[in-house]
Amino acid sequence: MAHLSAHPLVVEARRVGAGVVVHLAGAAEMAAAEGLRDRLEQLADQADRPIVLDLTDLEFLGSAALGALLSALARAGHDVGAIRLVHPQPFVMRVLETTRLTRLFPVYPTVDDALAD
Amino acid sequence: MAKTVVIPSELDAAQRAENELLAEIAQYGYSEASQFAIKLAVEEALNNAIKHGNKFDDRRKVGLTFDISADRAIVTVRDEGGGFDPGHLPDPTSDENLEKPTGRGVMLMRAYMDEVSFNEKGNQVRLIKKNV
């Protein structure tokens, strides 16, 4: 079995209509969480809705990064649905389910589905 | 044979130590799911030790000890803080705590590892994952 890959987190945002799609690739490890929080809070402050996080290429998600998502949700007025998740890989999905955060962050199969809802 | 790495209370240093441990795990043929579980639990333990235990105090160190074999991984994380009572933590999955940005580390360790135990003071956690 190969070493579980841990590529540095790369965050790329693009505006789509009134919202923004944020592609997260690599590992959302503890050392990357503060930068992620700052970026997501900034997007939330700009009032773009929804904020769609494309998790297709996200390899790892720890609780520090979950805290970043929750801080951004607070900045978005605690509005469930303001931050939407797309296509998390099974390991990442299990973290979301174990923490019950799928109750706050709805999960969609595609970016188009998340934007259309 | 167990190996110990002593690191400063810095997240980047913890990340490097964690990667050293994970490279050893990979050599023993642990499944990808087990590697993910160990990475997650160790990261939570290190994060707690630096933030909540040592409170980012650069005079305080974190000790990471790991003993890896083909059968199981044993990892110990120790900080120099005052400790805490792991038996009296709020449930981070309850509705009233769900939006709090912190407080999930111990719950995730317990969910992903086979054994999680703390010393009496609460400044050291021992994690065990079987290689099945």
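Begin by selecting strands S4 and S5 (residues 124-130) of chain B, which pair in the antiparallel sense over four bridges; two strands count as paired if DSSP finds at least two bridges between them, and strands (E, at least two residues) and helices (H or I, at least four) are DSSP runs numbered from the N terminus. Within this pair, colour B:Phe118, whose bridge partner in S5(B) is B:Val125. You are looking at a predicted model, in which local features need pLDDT of at least 70 and side-chain atom pairs count only at pLDDT 80 or more, while totals for chains, interfaces and linings use all residues. Residues are numbered from 1 along each chain as its sequence is written, and chains are lettered from A and ligands numbered from 1 in the order in which they are written.

Next, show the whole sheet of chain B, an open one in which five strands follow the order S1-S2-S3-S5-S4 with antiparallel pairing. Strand S1 (3-8) and strand S4 (115-118) of chain B stand at the edges with a single partner strand each, so one side of each is left without a neighbour in the sheet.

Finally, select B:Leu46 in helix H2 (residues 32-53) of chain B. B:Leu46 counts as buried because it has 28 C-beta neighbours inside 10 Å, where buried means 20 or more other C-beta atoms within 10 Å, exposed 12 or fewer, and partly exposed in between, with C-beta atoms placed from the backbone. Leaving aside residues up to four places away in sequence, B:Leu46 touches B:Ala14, B:Glu18, B:Val62, B:Leu64 and B:Val77, contact meaning that C-beta atoms, placed from the backbone, lie within 7 Å.

Terms used:
Contact = placed C-beta atoms within 7 Å.
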